[in-house]
There are 2 protein chains.
Amino acid sequence: MNLKALYQISYGLYVIGSRKGDRRNGQIANTVIQVSSEPPTISVCINKGNLSHEFIKDSAVFTVSILSRDTPLSFIGRFGFKSGRDVDKFDSVNYKIGETQAPIALDNTLAYLEARVINEVDAGTHTIFIGELVAAEVIREGEPMTYAYYHQVKRGTTPKTAPVYIEERKEVGIKAVKYKCTVCEYVYDPEKGDPESGIAPGTPFEELPEDWQCPVCGAGKDEFEKED
Amino acid sequence: MNLKALYQISYGLYVIGSRKGDRRNGQIANTVIQVSSEPPTISVCINKGNLSHEFIKDSAVFTVSILSRDTPLSFIGRFGFKSGRDVDKFDSVNYKIGETQAPIALDNTLAYLEARVINEVDAGTHTIFIGELVAAEVIREGEPMTYAYYHQVKRGTTPKTAPVYIEERKEVGIKAVKYKCTVCEYVYDPEKGDPESGIAPGTPFEELPEDWQCPVCGAGKDEFEKED
């Protein structure tokens with residue numbers, strides 16, 4: 001059994017909004033699908049350990065913000081690598097309260113969905129929440145972020161099969177050393193730098209400011225390891 | 001409620017293999033996801049009216065062939081727009097019988113998964129089959145076909161039995177006259193032609209050879225109707 005076969009399943013990338021009473025939370029998920037056409041019904045798969053799981057169980061509603069392809073890594077990191085138990089993830093994010101009274105992230109969002117849970121299914125590590133659509137709006141045109149694209153960007157690699165792939169320059173001597181974040185697996189590639197944080201392409205990891213943080217999860221430089 | 005928001009959900013494209021006793025069948029689906037990590041578990045959403053639904057219910061197994069981005073429309077049409085009640089869809093297709101004794105399509109396949117159903121969930125028009133992985137292999141490297149790519153670039157169409165089906169909007173103000181296949185709803189657009197069949201962009205429908213066939217379902221020219 002080669003579990004890498006699972007890597008070839010395609011997904012999008014979404015902020016799942018939830019609430020418990022007046023408390024709100026959001027998290028990144030990739031497993032949103034439409035499961036029925038009449039009535040329009042969607043589902044999302046949530047890890048049982050997540051705060052969102054507790055919130056959706058309690059309120060029986062959830063929202064889905066469909067992220068655009070140009071969503072900054074820091075935004076995904078905010079919702080994907082922090083816990084709502086420690087921070088209010090919607091703080092300093094544009095959002096609105098939907099018909100379900102759950103928060104809907106609006107930054108980097110192409111379209112959103114709101115659903116009322118009509119069934120939930122135990123799936124081992126995760127629960128599948130099945131929700132009937134109660135609201136759906138398109139915010140702007142654009143390409144949705146896919147899980148594959150997110151990984152390519154985060155890891156700074158382009159598969160050989162991608163149309164944009166160009167044979168890598170193997171210039172001996174000036175090969176820049178990459179460093180990987182041990183928290184979220186983001187790879188810092190000196191050739192690309194970290195423009196979102198003002199780090200120019202060509203900046204070696206060693207020359208990053210000491211207070212530089214992983215653009216995805218916010219980990220410090222000391223959480224990074226040299227890549228083989 | 002704007003149901004076009006649902007169009008921005010990302011999916012891949014898969015051949016779902018199934019069996020009932022010695023009978024085999026396959027169909028196209030886009031709603032495959034991994035739902036649990038330990039044990040590895042996947043799910044697929046199947047229309048209750050499909051033969052595959054009957055077969056998976058009966059045998060409690062299914063296979064997933066993850067299609068590559070360069071899969072021809074005719075291959076997708078074979079599995080997506082014909083019924084296993086009328087034809088043996090695996091006839092003249094490379095496949096193998098897996099551990100589950102269900103067929104696994106190998107043509108245009110990057111990787112495949114085999115699963116044993118451990119739960120099924122009624123989702124209105126569809127049933128969600130949840131299956132524990134019993135086999136998984138990578139066949140070759142490549143970019144997977146995404147549902148968006150299939151729709152936007154290859155201009156495929158959606159069968160009415162898919163969970164994502166929504167009544168097509170009527171486009172107005174078209175210069176070149178488009179013709180729609182009444183069998184599978186593929187739209188012949190003269191501006192794009194049908195390069196896979198050697199029809200150059202700019203070829204009006206009327207000038208297509210008389211033996212030209214719908215690239216998706218194989219219907220003849222007389223099965224086409226002028227689009228409004």
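How many residues of chain B are in contact with chain A, and how many residues of chain A are in contact with chain B? In this predicted model, 54 residues of chain B are in contact with 52 residues of chain A. The two chains bury about 4100 Å² between them, and 64% of this area lies on carbon and sulfur atoms. Between chain B and chain A the count of salt bridges is 0, whereas 14 residue pairs, both members at pLDDT 80 or more, are in polar contact. On the side of chain B that touches chain A, at least two residues each are supplied by β3 (33–36), β4 (41–47), β8 (109–123) and β9 (126–138) of chain B. The strand that gives the most to this side is β9(B), with 9 residues. Sorted by class, the side of chain B that touches chain A is made up of 33 nonpolar, 15 polar and 6 charged residues.

Within chain A, strand pairing was examined next. Strands β5(A) and β8(A) pair in the antiparallel sense over 7 bridges, and in this pairing Thr63(A) has Glu114(A) of β8(A) as its bridge partner. Strand β8(A) also pairs with β9(A), again in the antiparallel sense, over 12 bridges, with Asn119(A) standing opposite Ile130(A) of β9(A). The strands β8(A) and β9(A) form a hairpin that has 2 residues between them, and in the turn Gly124(A) takes a positive phi of about 75 degrees. In a regular strand, side chains alternate between the two faces of the sheet.

A separate open sheet in chain A consists of 3 strands in the order β11-β10-β12, with antiparallel pairing. Its edge strands are β11 (187–188) and β12 (224–226) of chain A, each of which pairs on one side only. Strand β10 of chain A, which spans residues 179–181, pairs with β11(A) in the antiparallel sense over 2 bridges, and the bridge partner of Tyr179(A) in β11(A) is Tyr188(A).

Helix α1 of chain A, residues 51–59, has as its buried residues Leu51(A), Ser52(A), His53(A), Phe55(A), Ile56(A) and Ser59(A). The elements of chain A that cover these buried residues include β1 (14–20), β2 (23–29), β4 (41–47) and β5 (61–67), together with β8 (109–123) and β9 (126–138). Just after the helix, Ala60(A) takes a positive phi of about 60 degrees.

Salt bridges were then considered over the whole structure, where a search of all chains finds 12. Side chains of opposite charge can pair when their charged atoms come close. In chain A, the side chains of Asp88(A) and Arg24(A) meet in a salt bridge with an N to O distance of 2.4 Å. This pair links distant parts of the chain, since Asp88(A) lies in the loop between α2 (73–80) and β6 (95–97) of chain A and Arg24(A) lies in strand β2 of chain A, 64 residues apart. Asp88(A) is partly exposed, with a relative accessible area of 33%, and Arg24(A) is likewise partly exposed, at 28%.

A further salt bridge of chain A joins Arg140(A) and Asp70(A), whose closest N and O atoms are 3.7 Å apart. Here too the pair links distant parts of the chain, with Arg140(A) in the loop between β9 and α3 (147–155) of chain A and Asp70(A) in the loop between β5 and α2 of chain A, 70 residues apart. Arg140(A) is partly exposed, with a relative accessible area of 34%, whereas Asp70(A) is exposed, with a value of 56%.

In chain B, Lys20(B) forms a salt bridge with Glu54(B), and the closest N and O atoms of the two are 2.8 Å apart. Distant parts of the chain are linked by this pair, Lys20(B) being in strand β1 (residues 14–20) of chain B and Glu54(B) in helix α1 (residues 51–59) of chain B, 34 residues apart. Lys20(B) is partly exposed, with a relative accessible area of 27%, and Glu54(B) is also partly exposed, with a relative accessible area of 33%.

Note on methods. Residues are numbered from 1 along each chain as its sequence is written. Chains are lettered from A and ligands numbered from 1 in the order in which they are written. Side-chain values use heavy atoms; hydrogens and water are left out. Buried means under 20% relative accessible area, exposed over 50%, partly exposed in between (1.4 Å probe, protein chains only). Helices (H or I, at least four residues) and strands (E, at least two) are DSSP runs, numbered from the N terminus. Contact means heavy atoms within 4.5 Å. Two strands pair if DSSP finds at least two bridges between them. A salt bridge is a side-chain nitrogen of Lys or Arg within 4 Å of a carboxyl oxygen of Asp or Glu. Buried area is the accessible area (1.4 Å probe) that two parts lose on being put together, summed over both. A polar contact is a pair of N or O atoms within 3.5 Å; within protein, one must be able to donate a hydrogen and the other to accept it, and residues adjacent in sequence count only if both atoms are side-chain atoms. Ala, Val, Leu, Ile, Met, Phe, Trp, Tyr, Cys and Pro count as nonpolar, Asp, Glu, Lys and Arg as charged, and the others, Gly among them, as polar.
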